Amino acid sequence: MSTATAQLPKELQPLELIEGKVTVGSLDDQVLQFPDRRPPKAWFIALGVTLTALIIGVFCMGYTLYYGIGTWGNNRPVAWGFGIINFVFWVGIGHAGTLISAILFLFRARWRNAIARFSEAMTIFAVMCAGIFPVLHTGRPWFAYWLFPYPNERALWVNFRSPLVWDVFAVSTYFSVSLVFWYLGLVPDFASMRDRTKEGIRKSIYSVLSLGWRGAASHWVHYEKAYLLLAGLATGLVISVHSVVSFDFATSLVPGWHMTIFPPYFVAGAIFAGFAMVVIVLTVVRKTMNLANLITDNHLDTMNKLILAMSCIMGYAYFMEGGTAWYSANPYIQHTFKNYVSGFYGWAGITTITCNVLIPQLFWFRRVRRSIPAMIFVSLAVTLGMWMERFVIIVISLSQDYLPTAWHKYMPTKIDFGILLGSFGLFFTLVLLFARVLPVIATTEMKASLPGAQAGHGGGHE
Amino acid sequence: MSSQSPSQSPGATFAVLGLFSDPQKILDAAKQVRPKRLGRLEAYTPYPVHGLDKAVGIPPSKLGRLVLAMGLLGASLALLFEGWTSAIDYPLMTSGKALFSWQAFVPVMFEVTVLFATFTAGLAMLFAFNKLPFFGHPVLHTKVIKDITRDKLALSIEAADASFDTEAARQALLDGGAETVEVVPVPAWNRPLTLNGLLLTIAGIVAACVVSGAGLYALEKLIPVIPPYVHMEDQPKLNAFRSSTFFADGRGMRMAVEGTVARGHLPPAFKTPEEAGAMLTNPLPLTDKLAERGRKVFNDHCAICHGRVGDGVPLLSRAYGAKPANLLSKELAARPDGYIYGVIMKGKNAMPSYAPDLDENDRWAAVHYVRILQRSQNAKDEDLP
């Protein structure tokens, strides 16, 4: 810590991000020793649970493929149903990872270093889960490649003015960029793993994945530049991907969808839901993998503050939706907004507001922000609330639009729920496997910012 | 890369490595060693040490310019592609907007820009700038690599040519404060790809393709795969020309009742074109619309043999043996309309009947057009208006 910050009052000083003494070498020993340890019993139990959920999901997907999309609850006028609710939900979960790895990197928020790797992994897994739904929802997934513009015997091209095509580009770009970003960060860590693993198949795998990385200064010059550029590029994606997802709604004329507030509202909601998921997973990981000295209460506290800020933005967005309905003087929009909180699906809207706006207000209290059970409770509430929000937007708006004769209620089927469960199973299975085979903390980034790791000044850089 | 230069024989010194623990000390050592010009300076560190690249004399990265260029290329390619598909190759009107409505192309342009730039930044950095993957680098086979990727910082003086003085380099590093010094020899094998390796890789890929293809073929023969969505692909309806056990004749489709006559296809009363010439006159008055119809019928059905202007020069190759009639001949010009109509119905010589393809109006329109051709191809001065 330099002298300039030492004179600041206590509240304004940078948070302590490491508990106890951690050196460059001890960090490796702590974070990278996982392959030498047998995983605890709880890990196997957790894997059993998530694999069961995954198998149920795979069965339901197979059932859908065999019997067709009629096994889902979708029907006119609610043609989007669970397929799109879950897609938007999972894509949103991914956004926290990109925010942490890209935007917070550009802002030089040092606390991100310890959690960046895990949240990036969660981004990739969440986008994988998200991808399942629209592909199945196309009805004939074996023609999913028709979504891409390629020269074909039908002499047709996709309609580049359609937000659904933008969506295909946005989500596939998002996935590829996240993957490249993630892998780039992993390369030096793979090299560390390679050199601390004894001869054998595991060493060969890490060797190949490390691409022969040797930490040359002439390589680091390009590496750091590439990382900075990728952070800048991914920053645009944090904002653009969920904005494009919101265009699917906002460019249509359905009452309750046709609003200019949708893009920022969706982006804030995505970051909100993503942070809640990161908090849930990290509290478990830091306990079971003994990383509490690296992922400290201060980290969780900071994330909880972000959740609180996002919750206030969500409250504002809900309020503005009501304001738009009122100011539009349009009876259809007003009717839809009334339906959000009353009527057949009113409970969904009430749950959304309670979970997303009211419960996170607990985070105004420092004690709640630093209590593990309390933050897990709030984060679970936010996860539920954000799923409900997409249910409200899609189902309530579609079930009663301009033509009362076409109104129809939507009821999901067991298969719908099975696939949703399966997506959670897939996500957590991948998270569990990831924690076993790859370093869960970006050791290279941590090392570079440890005290004494850089010349000239005592404190870490960045 | 010096390690790949063939002049270095195995066993010669590749580099001398000095190990440090303190980032400040390695910076100082680099500044001290650099002016001695003992060889190429390089450093190997577990994490980027700021200032070390400058201290060992590495220029700043030019990656940014390449990424900018590729990003702009992505943006322009996306815009051109979207414009070409939406406005030129398959003009598609959406919501009454202009065909080249660039505003709607911006989201995809943005995504493609990011995609190009990202892959350039990531892959060009690894593969082009850093020349990875490279598993044969001598430093990877040292004892100290374990420490380098963990917590030690190594300063390396690398041999530029045969005149490299190993002992001087060693002493310079020790003077600079290195904790330990290791001499790294050139390994016997240090190329990332050999011809043998390349051939083996290709052979491996080919073998994998053959095995998996044969395996899939065998599997499909052994296990009948259930086609997905059987309930949508196999519908209980009958397509034309499908067989069916439902009807006695075994056909899926029903035939027309005996004696059914389609509109415009009344059976003719004449037997030969000559009879038709005597019996029939053109019932349709010549109008612009009918002439246009006649041209279409003629070009679709007649021009292939009789030529676009009816001069009997076929559009087909000379290998086609028959000699189509010259419709512009005096003999045909003298024939009545009914005769031409009769030929269309009954055919003549190699010409088959066109009765099933053309209805009554089309046939008479074609007769009008033949007359138009006869007059226009042998036009006289008084035909001019």
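Predicted model: local features only at pLDDT ≥ 70, side-chain atom pairs only at ≥ 80, totals over all residues.

Reader: Which helix does B:Thr118 lie in?

Author: B:Thr118 is part of helix α4 of chain B, residues 102-129.

Reader: And is B:Thr118 buried or exposed?

Author: Buried: its relative accessibility is 0%, and the cut-off for buried is under 20%.

Reader: OK, zooming out. How many residues does each chain put into the contact?

Author: Chain A gives 69 residues and chain B gives 73 residues. The area buried between the two chains is about 6,200 Å², with 68% of that coming from carbon and sulfur atoms.

Reader: What about salt bridges between chain A and chain B, how many?

Author: One salt bridge between chain A and chain B. A:Asp29 pairs with B:Arg150, and their closest N and O atoms are 2.4 Å apart.

Reader: Which element gives the most to chain A's side?

Author: α8(A), with 17 residues on the side that touches chain B. By class, that side of chain A has 37 nonpolar, 21 polar and 11 charged residues.

Reader: Switching topic: why is α2(A) described as largely enclosed?

Author: Because six of its eight residues are buried, α2(A) is largely enclosed by the rest of the structure. The buried ones are A:Val24, A:Gly25, A:Leu27, A:Asp28, A:Gln30 and A:Val31.

Reader: What covers the buried residues of α2(A)?

Author: The cover includes α6 and α16 of chain A.

Reader: Last one, the nonpolar core. How many residues are in the largest, and which have the most contacts inside it?

Author: The largest nonpolar core has 187 residues, and A:Trp90, A:Phe249 and B:Leu155 have the most contacts inside it. Leaving out neighbours within four places in sequence, B:Leu155 is in contact with residues including B:Val16, B:Phe20, B:Ile26, B:Val56 and B:Leu173. There's also a second, separate core of 24 residues, with B:Phe298, B:Met345, B:Tyr369 and B:Val370 among them.

Definitions and conventions:
Residues numbered from 1 in each chain as written. Chains lettered and ligands numbered in written order. Heavy atoms only, no water. Contact = heavy atoms within 4.5 Å. Buried area = accessible area lost by both parts, 1.4 Å probe. Salt bridge = Lys/Arg side-chain N within 4 Å of Asp/Glu carboxyl O. Helix = DSSP H or I, 4+ residues; strand = E, 2+ residues; numbered from the N terminus. Nonpolar A, V, L, I, M, F, W, Y, C, P; charged D, E, K, R; others polar. Core = buried A, V, L, I, M, F, W, Y, C linked by side-chain atoms within 4.5 Å. Buried < 20%, exposed > 50% of the residue type's maximum accessible area, 1.4 Å probe, protein only.
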